[in-house]
Amino acid sequence: MTQNVFVIGLGLIGGSIAMACQKAPHTKVYGYDVSQQTRELAKSLHVVNEVVDEIIEGAKIADIIIFGTPVNATLEWLEELKDWPLKENVIVTDTGSTKGLIMAKGKELQECGITFIGGHPMAGSHKSGVKAAKPHLFENAYYMLTPLKNENEEKVQELEQLLKYTLAKIVKVDAQEHDHMTAVVSHFPHIVAASLVHQLDAEQRHYPMTTLLAAGGFRDITRIASSNPYMWRDIVLQNRQELISQLDLWLDEMDRVKNILLSNEQDSIEEYFAIAKQVRDDLPITTGAFYTTYDLYVDIPDYPGVISEVTGYLAEEHISITNLRVVEAREDIFGILVISFQTAEDREKAEKCISKRTNFEIFAS
Ligand SMILES: NC(=O)C1=CN([C@@H]2O[C@H](COP(=O)(O)OP(=O)(O)OC[C@H]3O[C@@H](n4cnc5c(N)ncnc54)[C@H](O)[C@@H]3O)[C@@H](O)[C@H]2O)C=CC1
Ligand SMILES: O=C(O)C(=O)Cc1ccc(O)cc1
């Protein structure tokens, strides 16, 4: 018998899940998005097998419903869903970055006899929209599920059976713990990234040249500030309490830094950075949202074809790269080529390869 999966919200996350679910046997993936243009793109890019123009059309034939909508839109749909003509055994899940309020709604659904199992794939990017969707987005990333305490285990397994086609590592966590942990490693860093960009923006009014100097480090630490503001507005609103606590801790931490600076003690300053380096270097390697990239900076001269020359050398030695960009570091040089690798070993091999075949200056970060 064919299993019908219905994905609501066909952007980066919903679209990627829909593509992964198409790999499950005997499965047909239907999709709906509030934007007609997205629906048309999703169909033409084969993100889904079929699109529906009315949400109810998909909901009534679905065995599994997956929300890929911004978290406040998900809450609104979950309220309406109570009155939809659903199949008796339907499983409803979501992909939202917050879980507390969504699981409270999930509990109400359970009381109406509808199974809701919260979900959150810990992978993504600052890009959004259906065109950025890809079936391997979640490969090796953690995929958190937040089933209610008394949830039917068979239903959880049924959902896991489908989600295994994302190639993610499925873990189960409590919704409150989820919101605390994601505040620390995802939501609060987002606020910090945005605040650094605001600080630069204020600065550039007095010193317009500052933005020209915003090279590798600043770009790395603020990449997520380029994410979809609408999506992040909802996340921050739903996880407000945790974020206010994180902000208090951050202010204490900044006070500590200020006192270290006021003390003018070189050992304390060095120790502050040394401990941070140790903790950062020891972070486990994961992909997806918390991926570690191993970057190599190559000071390239200004002549045509220089980038393909470098990447060509790496390809000849079968060294895979995950990303490539040029940052303009100084006025007198063409730029720094930043090449990212998935592992430290790949970066080491690349460093050897490029230094053997060119005289470009190289440094790792
Ligand atoms: N972007 C990321 O890296 C990650 C995002 N998430 C979560 O996944 C969800 C989706 O995020 P993205 O795919 O990045 O956003 P997106 O902006 O790429 O896609 C959201 C889609 O939902 C549609 N949409 C908006 N309101 C709707 C409504 N009321 N009904 C139907 N469709 C609606 C939009 O038209 C859009 O196509 C969010 O809840 C987010 O918190 C989870 C993990 C990672
Ligand atoms: O771009 C990145 O590194 C991200 O952090 C993406 C992301 C955004 C929201 C999530 O809930 C999970 C992952």
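1. A word on terms before the ligand: the domain bounds used here come from an automatic or database domain assignment, and a residue counts as near a molecule if its C-beta atom, placed from the backbone, lies within 6 Å of it. With that in hand, the shell around ligand 1 takes at least three residues from domain 1 (3–173) and at least three from domain 2 (178–281).

2. Please keep in mind that this is a predicted model. The average pLDDT of the chain is 93, and 95% of the residues reach at least 70. The exception I would flag is residues 329–333, where the pLDDT is below 50; this stretch has four contacts in the model beyond near neighbours in sequence. Where pLDDT is low, the predicted coordinates should not be read in detail. For the complex, the predictor gives an ipTM of 0.99 and a pTM of 0.83.

3. What surrounds ligand 1? The shell holds 29 residues, with Gly-9, Gly-11, Ile-13, Gly-124 and Ser-128 the closest. Two or more residues come from each of helix H1 (12–21), helix H4 (71–81), strand E6 (115–121) and helix H9 (229–238). H1 provides the largest share, three residues. Sorted by class, the shell has 16 polar, 12 nonpolar and one charged residues.

4. On the H4 side, the contact is made by Val-71, Thr-74, Leu-75, Leu-78 and Glu-79; H5 brings Leu-101, Ile-102, Lys-105 and Leu-109. Six of the residues in this contact are nonpolar, one is polar and two are charged.

5. Finally, the overall layout. Which domains does the assignment give? The chain is divided into domain 1 (3–173), domain 2 (178–281) and domain 3 (293–364). Taken over C-alpha atoms, the centres of domain 1 and domain 3 are 39 Å apart.

Notes:
Residues numbered from 1 in each chain as written. Chains lettered and ligands numbered in written order. Predicted model: local features only at pLDDT ≥ 70, side-chain atom pairs only at ≥ 80, totals over all residues. Helix = DSSP H or I, 4+ residues; strand = E, 2+ residues; numbered from the N terminus. Nonpolar A, V, L, I, M, F, W, Y, C, P; charged D, E, K, R; others polar. pLDDT = per-residue confidence, 0-100. Contact = placed C-beta atoms within 7 Å.
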